[in-house]
Amino acid sequence: MKLLDRWKILISGFSLLPMAGATLAQAGHMPFADANWKPADKQQPPVFTNTLNAPDAVNIYAAHRSHSSHSSHSSHSSHYSSSGGYSSPRYYSPPATTTRSYTAPTTSSSNSLYQSSDTTSGTSASTSTARATNEQKSNLVTRVQTALMVRKYYQGAVDGVMGKATRGALMAFQMDSALTVNGRMDTPTLNALGIKIP
Amino acid sequence: MTWPVTLQIDSAAYPLGVVQRAAYALADTVAIQIGIEASKICLTAFPTTAKLALPPQQAHSLILQHLNDFALRDHINHETTGLREVLARAALAGCGI
Amino acid sequence: MAMLRKDTHFVIQHLHEPRLLKVITLDEFIEQGLAVCAGSADFSDLLLWLPNEERLRSPHLLSLPVGGFLTPKPLVGDFESERLHLHSPKDAEVVQPGDVIAITPGNTMARVLYRRGSDSNLLFMTDRCNSLCLMCSQPPKDIDDRWHIEENLRLIDLMDPIEENLGISGGEPTLYRDGLLEILAKCKAVLPRKSVHVLSNGRLFKDPSWIEALAAIGHPQLSWGIPLYADNAEDHDHVVQAPGAFSETLQGLYNLARAKQIIEIRVVLNRLTTPRLPELAHYVFRNLPFVQHVALMGIESTGLARKHYEALWIDPLDYQESLNQATFFLFNRGVPVSIYNLPLCLIPAHLSRFARQSISDWKNLFIDACQQCAAVKHCSGFFKSHTDRWQSRGVQQLSPEAFSAYARSAQ
Amino acid sequence: MWDLAVTLIATDAKHYRLLPFRFMRMNTGNDRDILLTADTGEYLHVNDAQLQALSYFKVEAGTPFYKDLLARHFIYEPGHHDPFPEMAAQYRSRKDFLFQGPALHLFVVTLRCNHTCQYCQVSRAPLGGSGHDLSEANARAAVDRLFESNAPTLTVEFQGGEPLLAFERVRQIVEWIVERNVVEQRDIQFVITTTLHHLTEEILDFAQQHRIQFSTSLDGPAPLHNANRPTPSRDSYERTVKGIQWVRERLGHEAVSALTTLTSRSLEQPEAIIDEYVNQGFSSISLRPLSPYGFATKSAHRLDYPIERYLAFYQKALAYLLDINQQGVYLSESYTSLLLKNILTPFSSGYVDLRSPAGAGTAALVYNYDGYVYPSDEARMLLEMGEDGLRLGRVQQPLPELLASPVMEALLSSGVAEALPGCSDCALVPYCGADPVEHFARQGDPIGHRALSSFCKKNMGLLKHLFGLLRDGDDNVQRVLLSWLNRRAYSDVRLPGYRG
């Protein structure tokens, strides 16, 4: 806007009276090192927000005619909340301090150290749902087998396969636990075994 | 020393702009008439109605102090020429209604 | 609170490669399975916590398809398996269920990388640094240790998903820019309930491309701890032993502000930084009022600090006044401020409300003088590296009366 | 004439450069009598020798003074740290009000009033008077202008006359704005400036519904108030106080605030006025000198007073306020709080009368009952004095057209303090503002002469006094001033901390 350009010039030391304009007269003689300093794109100077306008601070000028900064009207609602016209100080729970915790292993190589199902969370989504569900099922069977083993219903291999032995152990457990005996990993049975499913 | 208080100063040490500003700043105390002759500037100061009781001696040192202060401001402005403008430009970058 | 080391020796059998393992009890295994890990993992990432008696009761458990077994005590009876097995820890307290440990072949040391329930857990990024602070607690090494990045990415997967504070530190973490950004993104995705606090000297943020990178990640609970040691370049650059560091850090702080990041200014209190501490507080308020927290921190007498004892040591009693001036200057202007690492007996009562129990549990120490002190439960205590040489003449036990004065003024 | 008997090392080459700053002699007798200030708002107290050394590059590097100068951006070292980004951020933050359009919109809904105040700043019409109300059509147009401003937070203030005498129009305007705001989504605060004499349950219900704030006038204890504000029934004070209590019962304690008008009479009783505000449970008081507008100047011979008298009054009043605040009463003087914010923080107070460029038109717009738009309340009061030179145009004209009017041009070209003669050299200009309307009113010229400017004398007097208190006042005085700055209880400001 035209006016603003005007201001920028006026604010920066020009004067309406020639006698105050002396600074300009010498502009030519003193080319200044930083004279062409200006912020790069998208690097405009940050504008500070008032640390004293914390939400809990009451703007006691709110109702005075042309009294208050409208940028300081940060929280109108708070005009009504407080009674004293002033607020209690802000307290802050600081982040936990941290410092280095251990010495690096003596054998340090820059190549891959640990193999893992996947190293970034992003790629896990790419595993086909079919495989995922099979994996989940087998994992669940493994936990069931383990639970049955701890309870002495199952002595076989913990292999994640729902075989005869596992199903038999499962039915035995269901019977003793007065559950529907179906040899399936239904919710009542899993609950009875202390197995949580997401 | 009696009214009017007069000072003769070297326009090299006190450029006209400096003298004018000093006169402006003192306007509520003394009315200063500025005369220019060659390299000299001659100041003739009369007390304002409000300050008739002001001793000329005090007026003299007051004027001298203001002359020196404005000479110093002139020096500072000279040393910082253009910086205010640069600063305002940078600070107000992208501001518009 | 007793100091608990972060590593101990085990008898380790059948370890063929470096491993990161999540320690898990049998009950947890049954109840939650892989859900104990925040990210993606499989059974081979688990180290089953298997006390002797449980193993002896059901030997078949050794057929569980987990990564290995941990016997928390000296081994009783025989262990019939070729599977990975840790037993007979030197210190049985160090490794507990829920923890994540790192072990490497040919090394009996097990390092705890994640400790369940601790707020001092840390992702260590690198030993490298572009500064050489006079009081550096762990002198940088000029080595390529990018392997930390991958270790940390794995570690994130194996952590508990529960709400905790997590630190990221070094060295200078921003030196591995892409690795750090990847880790921050993964923290947001996998550990959304953990707040993350990164320690950095902020110098590299002078590169504005960080603005978009950090804004893009948009981690809601990410904060940056940036040290500022003076209100002028000469003094700051001297403390960090790096010409130009002051300018770079300030540009960095402005870019972090542009990226709307949560910023904490950290000042280590020593002979060089305390004389102008009030002026520094003034500088921060006038030039950096967007910081959310200022931490004024007692010095940790380890690493390079010991080497520069003469240059750095000042008795906290001798900077109480500037600490006082700086703290209340900021507090009165709405800038949250805390005092770290200073025992209460070295802080006047009216400053005690700003003192925090800031020293990480694993290196927190209380000396003999503390044993009878009424304030010990509320005190920061000392670093484990504490020595008499670095001890203030003001260290004393507070009587219940004296401490109640602290408690009163803390309200 | 300079006392150079201090230790200065002579440096042949400049090891530092100057950044723009101004200086002023405070004449307080303190050894550090000279105040240095920069456009960023940073300041420093120095003595003659230090000023000389600074100006002529003789300050020794590494000394505390040198570091202070660096840290506060009075000097910098070429080739070392470049402080311009920080200075630009400070400067931008101080002037952040430039980044938005008018945020304060005053609706003069009527000129009718039941008072006959001698100093009244606007002419008034008798209660039954017709043709002195804002027409529905003009009110609608004004609402359009309001939303043409890009300001995210807007304050809508209803003025008079006595606006409650035209409450139906007020209701209409509020409802239109609320309706429009469903789409506009601005943060809007409504304020009614009123004597509270004509309050009704119906009005209070409406105010509650729209969280309307009330701003009333309380000049002091009953005798003073009633003398200043005559009504036929001579009970202005009683009715206003009753109104205050009523508003608080219905809308909460903070829903009403009060302003004082200081007549020549008032200047003799600062304590009585302040005590009245304490008794009424206010948390802030505003001690404004009489403005040179409306009838005020016509009856000047009786009511007006030289600004020096006001300054003496202010210092008495402030001393008393500082005293009672230390005894646990929270009562701040609002203009002082604004000046403190300008001095002690890098943030802009945004206060319309302390802006440069001036706030008239850029910060505030007045929609007068007669359908004309003015850049400020004062400007329209000049109209009532028979000065119609300051109107921007008719309310039906779009906002850009109004802001482009010749009047705005004139106001703005004379509304940049940093560029005004006298101000351009004044060390207090970063904390002050430009008020071309006032100068136009007092001196018939929007620039005016500082030596004759009561606006200048007032702000200089107050600022100098505050700078003095901030440097030399004892800790408890600091604590009170800080409690006004951060709006906390005195007891929550336990120690003042570094004075800066």
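Student: What should I know before reading the model?

Tutor: This is a predicted model: local features need pLDDT of at least 70, side-chain atom pairs count only at pLDDT 80 or more, and totals for chains, interfaces and linings use all residues. Residues are numbered from 1 along each chain as its sequence is written, while chains are lettered from A and ligands numbered from 1 in the order written.

Student: How many helices and strands does chain B have?

Tutor: Both come from DSSP runs: helices are H or I, at least four residues; strands are E, at least two; numbering starts at the N terminus. Chain B has three helices and three strands. Their order along the sequence is β-α-β-β-α-α.

Student: What is the radius of gyration of chain B?

Tutor: The value is taken over C-alpha atoms, and the globule rule is 2.2 Å times the number of residues to the power 0.38. For 97 residues, a compact globule would be near 13 Å; chain B has 17 Å. Its C-alpha atoms fill a box of roughly 55 × 35 × 20 Å along the principal axes.

Student: Which residues of α3(C) are buried?

Tutor: Buried means 20 or more other C-beta atoms within 10 Å of the residue's own, with C-beta atoms placed from the backbone. The buried residues include C:His148, C:Leu153 and C:Leu158. Eleven of the twelve residues of α3(C) are buried, so the helix is largely enclosed by the rest of the structure.

Student: What covers the buried residues of α3(C)?

Tutor: Look for contacts, meaning C-beta atoms, placed from the backbone, within 7 Å. The cover includes β3 (19-25), β8 (109-114) and α4 (177-190) of chain C.

Technical notes. Contact = placed C-beta atoms within 7 Å.
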